[in-house]
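Please work through the exercises below with the sequence and the three-dimensional structure at hand. Each task is followed by a solution in steps.

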Amino acid sequence: MSTPYPFTAVVGQSDLRLALLLNAVSPAVGGVLVRGEKGTAKSTAVRALSALLPQVDVVPGCRFSCAPGAPDPACPDGPHERGPGGARPARMVELPVGASEDRLVGALDIERALAEGVKAFEPGLLADAHRGILYVDEVNLLHDHLIDLLLDAAAMGASYVEREGVSVRHAARFLLVGTMNPEEGELRPQLLDRFGLTVEVAASREPAQRVEVVRRRLAYEDDPAGFATRWAGDEQDVRARVVAARALLPQVSLGDTALLQIAATCAAFEVDGMRADIVMARTATALAAWDGRTAVRKEDVRQAALLALPHRRRRSPFDAPGLDEDKLDEILDRFPDEEPRDEPDPEPQGPDDDGPQGGPDGGGGGVPPRGGGDGTADTGDGASPAPDAAPDASDAPPAPDGDDAAQGPEPRPDRGGDGAAGPEQAAVRAAEPFRTRMLSVPGLGEGASGRRSRARTAHGRTTGAQRPRGHLTKLHLAATVQAAAPHQKVRGRSGRGLIVRKDDLRQATREGREGNLVLFVVDASGSMAARRRMSAVKGAVLSLLLDAYQRRDKVGLITFRGSAAELALPPTSSVDTAAARLEQLPTGGRTPLAAGLLMAHEVLRVERLRDPSRRPLLVVVTDGRATSAGGAGDRSGAAPRDLAARGAHLLRAQGVASVVVDCESGPVRLGLAGELAADLGGPAVTLDGLRADSLAGLVKNVRTSVTSAAGSHRGGNSNHSHRRAA
């Protein structure tokens, strides 16, 4: 077995190390979610934590790690008699992103249960992690139903497995740790709330600290065992401190003043529900025990708020987690601590003290001191920065209103040559997002689990039965009985029981929803540059992005202006990144519509090779004008509008489901967006019609248009009929 990197050798990241250690002291805190960019020691610190946990006593031979002094009465391997047991190290179990439900919670052998009446259960990762650590790297990429199972088990301390009336329960108490890179997509707010603490990590910008990181990593890779030996003393000190804090924890008093501070803080920051109050109370208690005290102080409550509240204040996926520390201090100052108790403060451990703060290689490692703040022994400015304070809405520039929009006439489209970009307009703020009606891809897909289009999935409504291909996972009981019933006389049935053979078993087929790739193609040319219009366009796209986030889609963003199209954001699960790119979008120049459509065709072609099961939905946001060939017609000499029609026909021939959001405004409308929609074989909808309460029947239109696209596309007359219908 490879030698793990020592926990105390991690440079900086004091908030991360403190949050992990607090959960080691009190697993009731509820786990840690670590958010940050790649290469910031997230996984390294988590994997190193298991070496600091004390050994656990287990019943010999029990696959579910029952404690010999208090065995689980419902243990599938039980019942166990109370008595001496054996000790083993605490486990650190990793849950892969691509794991199945049976791998997580365990598998019941339905075949043996029906044919032999035997309740055969194979434990999953939840059983392996009992009384240890369950680590999920890239937790934001885990399927939603697995996250729900995981967090339910963490909250209840038990795992339940039920298959067609056969059920098994076993204890599952573990320290849950998840890591994620926000660039790859966010967790839903409901899931964020289930993690007790959240820590934002970032790489240090101090050269001295970065040098120390490289030095230690190279030393570890050259001689892992020797490097671990040099840090063994610090590891033992921290391990002993964790054991002492666990023993002290039941004696820690959470006074009325501390409870008022917690309640006032949660109320002032308007967090939902009561989970935040409970987590803060448990975290503050663990902080006092970690510091060797038996009473909670104001600084404990403050640090608990910084760890437990930032991720609970998000009101939309586009809000950055954070906490206004000045406001926090103002709230806590209203409830000063009681008179100091006759309790000596613990001796502080500075960089030069012998103990877990320092290390054989100098500063930068060890354990964060009280509060995990600036007093660490890290080389340079070691502490990972506290989450940025949420900006006050009063400081933000006002959104453009009708008066601002009317200050000048709408600029005319640039009439220059194809290469003329025209004057670039400054980016305008998006209008307030709204709830949109659902757009779905027609047919039945087989993509990743989501909430948009119909698909065959492992979870959802049962639609039929079939013979199992490989291991049986979802039994269709009625179909199995129906298959076995005609053979009972031949099989010699004499009693009430049904004789079932393996060939009788039927797998349930289910239908649910999948996530799609929603590719936005946004017109940023001069004809869109009116302040009011572009603000409305951005608001509409932002609304669709929010809808894509809620439906677990991947998104991409293409913009076109001047003489070319640009892939502003390659397909990603990070919807908030798409929103940031949209906010910065400038406008101006001519309209190379064909270039935007051709780039969309290429992006979808590449994505089809990468993920064939994820079906695309193309959303073109434009007024339909095409005033530039954008390089596509340099050799052919075709008109820009004809080139755009060819690009639309190309996408339509590939069966791409499309929707055109018509941004044309004013009393005189040319209807060009409707013609583009006809060429794409999809519906056109106005900005106002995109709202949920104004878009009746759009989903039906998408399905009808795309389903009939293949037949109507072949004849030129049918194109004209589409235009007349538009």
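The exercises that follow concern a sheet, a pair of helices, aromatic rings and cysteines.

This is a predicted model, in which local features need pLDDT of at least 70 and side-chain atom pairs count only at pLDDT 80 or more, while totals for chains, interfaces and linings use all residues. Residues are numbered from 1 along each chain as its sequence is written, and side-chain values use heavy atoms, with hydrogens and water left out.

**Exercise 1. The sheet around β15**

Determine how strand β15 is covered and which strands β15 is joined to.

Step 1. Helices (H or I, at least four residues) and strands (E, at least two) are DSSP runs, numbered from the N terminus.

Step 2. Two strands pair if DSSP finds at least two bridges between them. Strand β14 (residues 517-523) runs parallel to β15 and is joined to it by 7 bridges; Val518 has Val555 in β15 as its bridge partner.

Step 3. Strand β16 (residues 564-572) runs antiparallel to β15, with 6 bridges between them. Phe560 stands opposite Ala565 in β16. The hairpin of β15 and β16 has 2 residues between the strands, and Gly562 there takes a positive phi near 70 degrees.

Step 4. The open sheet has 6 strands in the order β16-β15-β14-β17-β18-β19, with mixed pairing. Its edge strands, β16 and β19 (684-686), each pair on one side only. From one strand to the next, the twist averages 20 degrees.

Step 5. At the β19 side, 3 bridges join β19 to strand β18 (residues 657-662), and these two run parallel. Val661 has Val685 in β19 as its bridge partner.

**Exercise 2. Two packed helices**

Describe how helices α20 and α21 pack.

Step 1. Two packed helices are described by the angle between their axes and the distance between the axes. Axes are lines fitted to C-alpha atoms, for helices over the stretch in contact, and angles run from 0 to 180 degrees between N-to-C directions.

Step 2. For α20 (residues 640-653) and α21 (residues 672-680), the angle is about 35 degrees and the axes are 7 Å apart.

Step 3. Contact means heavy atoms within 4.5 Å. Residues of α20 that meet α21 include Arg641, Ala645 and Leu651, and those on the α21 side include Leu672, Glu675 and Leu680.

**Exercise 3. Aromatic rings**

Classify the pairs that Phe227 forms with Tyr220 and Trp231.

Step 1. Rings of Phe, Tyr and Trp (its six-membered ring) pair if their centres lie within 6.5 Å; planes under 30 degrees apart count as stacked, over 60 as edge-to-face and the rest as tilted. The whole structure holds 4 aromatic pairs.

Step 2. Tyr220 and Phe227 lie 5.9 Å apart, centre to centre, with 75 degrees between the planes, and the pair is edge-to-face. Both Tyr220 and Phe227 are buried.

Step 3. The pair of Phe227 and Trp231 is tilted, because the ring centres are 6.3 Å apart and the planes stand at 45 degrees.

Step 4. Tyr5, Tyr220, Phe227 and Trp231 form one aromatic cluster.

**Exercise 4. Cysteines**

How many disulfides does a search of the whole structure find?

Step 1. A disulfide is a pair of cysteine sulfur atoms within 2.5 Å. The search finds 0 disulfides.

Step 2. For Cys62, the nearest cysteine sulfur belongs to Cys75, 3.7 Å away. Cys62 counts as buried because its relative accessibility is 11%.

Note on methods
Buried < 20%, exposed > 50% of the residue type's maximum accessible area, 1.4 Å probe, protein only.
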